[in-house]
Amino acid sequence: MNSWGTMTNRVVGGLMVSLLLAATPALAESPAELISSFRLKHGEVRVVRDATLDRIAMDQARAMAAKDDLSHDALGPFNRRVAPAGAGRAAENIAYGYDNFEKTLGQWIDSSGHRKNLLLHNASRVGIANAKNASGKRTYWAMVIAGGYEPKPGKGKKGKEPLVAVKREAAPASKPKSSNCHIKLLGLCI
């Protein structure tokens, strides 16, 4: 084969690969990426998955599925359940019905209260989980979004100032400055 034939095969082969790649559907975005995309469009920062929040969300989704009841209190009060995450602020969205996250996210975006939670100011972490009820016909979703992990300036445990210990070398004792006193009597210089 001449060099022209080889060049043509490379060009045609490259075009075929490009067409195949263009026709292949993009990989589905992860739930955290979908939430981040929504948040970025509305001036908030990106979130990443967090193992502790994932566990909290999974416990909630499983509790709702076990009781077949959509309730924020299926496993107890939210403040108590989210405490192990150590976040300064957090919010929870729950839902049931859809088997995929994209449709569930759409429900939350269309609901003002859930939308507000998705846009929790300066949230940086998220946990997402789902569980099916006993019949396998209903999927329950839980999402916990949180921020405020950064320590507040001047705040330590229980709102008190932090205790800081710094070891410093003692300065050598300096000689007393010479004075023009010839006699010092009862603190008076004569």
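1. The model is predicted; local features need pLDDT of at least 70 and side-chain atom pairs pLDDT 80 or more, while totals for chains, interfaces and linings use all residues. Numbering starts from 1 along each chain as its sequence is written, and side-chain values use heavy atoms, without hydrogens or water.

2. The axes of helix 2 (residues 31-41) and helix 5 come within 10 Å and cross at roughly 30 degrees. Axes are lines fitted to C-alpha atoms, for helices over the stretch in contact, with angles from 0 to 180 degrees between N-to-C directions. The two helices are therefore roughly parallel to each other (angles under 35 degrees).

3. Pro31, Leu34, Ile35 and Phe38 of helix 2 meet Phe101, Glu102, Leu105 and Ile109 of helix 5; contact means heavy atoms within 4.5 Å. Seven of these residues are nonpolar, none is polar and one is charged (Glu counts as charged; Leu, Ile, Phe and Pro as nonpolar).

4. Four strands form an open sheet in the order 1-3-4-2, with mixed pairing. Pairing requires at least two DSSP bridges; helices (H or I, at least four residues) and strands (E, at least two) are DSSP runs, numbered from the N terminus.

5. Strand 1 and strand 3 (residues 123-132) run parallel and are joined by two bridges. Arginine 49 has valine 126 of strand 3 as its bridge partner.

6. Helix 3 (residues 51-67) packs on the sheet and touches strand 1, strand 2, strand 3 and strand 4 (139-147), at about 30 degrees to the direction of strand 3. Helix 5 (residues 101-109) also packs on the sheet, touching strand 2, strand 3 and strand 4, with its direction about 115 degrees from that of strand 2.

Conventions
Parallel < 35°, antiparallel > 145°, perpendicular 65-115°, else oblique.
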